[in-house]
Amino acid sequence: MSTHLRWGLAVAAAALLVAPPPAVALVNPAPCIAKSGTDATETREDSSVDEDEIRYSDSTKYDDAIKYAIKAWQYSGSKIKILPDTGTTVNDLEFADYSDTKSTAAGYWQRRPQVAATDYIRFNKAKMDNYDTQKKREVAAHELGHALGLCHKSGSKPNPVTSLMWPEVHSLFADPTDVDKANYKKLWG
């Protein structure tokens, strides 16, 4: 290979190394689909967050799903820390199970607005026990999204978005999407 050709290839390779990365398309936050109630808005007050963290306790059989959900919401750039409760901290959120064969819900988040009250994420064993690992993880990550203050998003017309916060279990993804991260950033910075 000639010296000129080697030099030309080296210059081209160096140019690739210093070239800026391609622009990333910005994703806008998506609106809530509810018209009233706490699921109609995304506010810090409608979350389990206390001083930029959620301290939790766990008395559920779905530990894998909870660990996955916590890791999913602790993505690079997330601000709210999700940590186990200790003897010297105040418990903000409790994971627990219940069983209701008549309910269509696989889980729910319940806000308890009293001072120093613990919020709940409850998993319906009647549904969760029939789900594969992916669906269990999705349910846990979805409910943790509510504990972080996020509302339901629409996966259908007139304003469809791709979101972990769809109200129905779908098994398509169990991680926050770009839309979810945009809503998170709008809420928490």
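**View 1. The crossing of helices α2 and α4 is right-handed.** Here a crossing counts as right-handed if the near helix is turned clockwise from the far one by less than a right angle, and as left-handed if anticlockwise. The model is a predicted one, in which local features need pLDDT of at least 70 and side-chain atom pairs count only at pLDDT 80 or more, while totals for chains, interfaces and linings use all residues. Residues are numbered from 1 along each chain as its sequence is written, and side-chain values use heavy atoms, with hydrogens and water left out.

**View 2. Helix α2 (residues 63-73) packs with helix α4 (residues 133-147) at an angle of about 55°, their axes being 8 Å apart.** That angle makes α2 oblique to α4, a word for angles that are not under 35 degrees (roughly parallel), over 145 (roughly antiparallel) or 65 to 115 (roughly perpendicular). Among the residues of α2 that meet α4 are I66, I70 and W73, where contact means heavy atoms within 4.5 Å.

**View 3. Five strands form an open sheet in the order β2-β1-β3-β5-β4, with mixed pairing.** The edge strands, β2 (81-84) and β4 (107-110), each pair on one side only, and two strands pair if DSSP finds at least two bridges between them. The twist averages 25° from one strand to the next.

**View 4. Strands β3 (residues 93-98) and β5 (residues 119-124) run parallel and are joined by 6 bridges.** Within this pairing, A96 has R122 in β5 as its bridge partner. Helix α4 packs on the sheet, where it touches β1, β2, β3, β4 and β5.

Technical notes:
Axes fitted to C-alpha atoms, helices over the stretch in contact; angles between N-to-C directions. Helix = DSSP H or I, 4+ residues; strand = E, 2+ residues; numbered from the N terminus.
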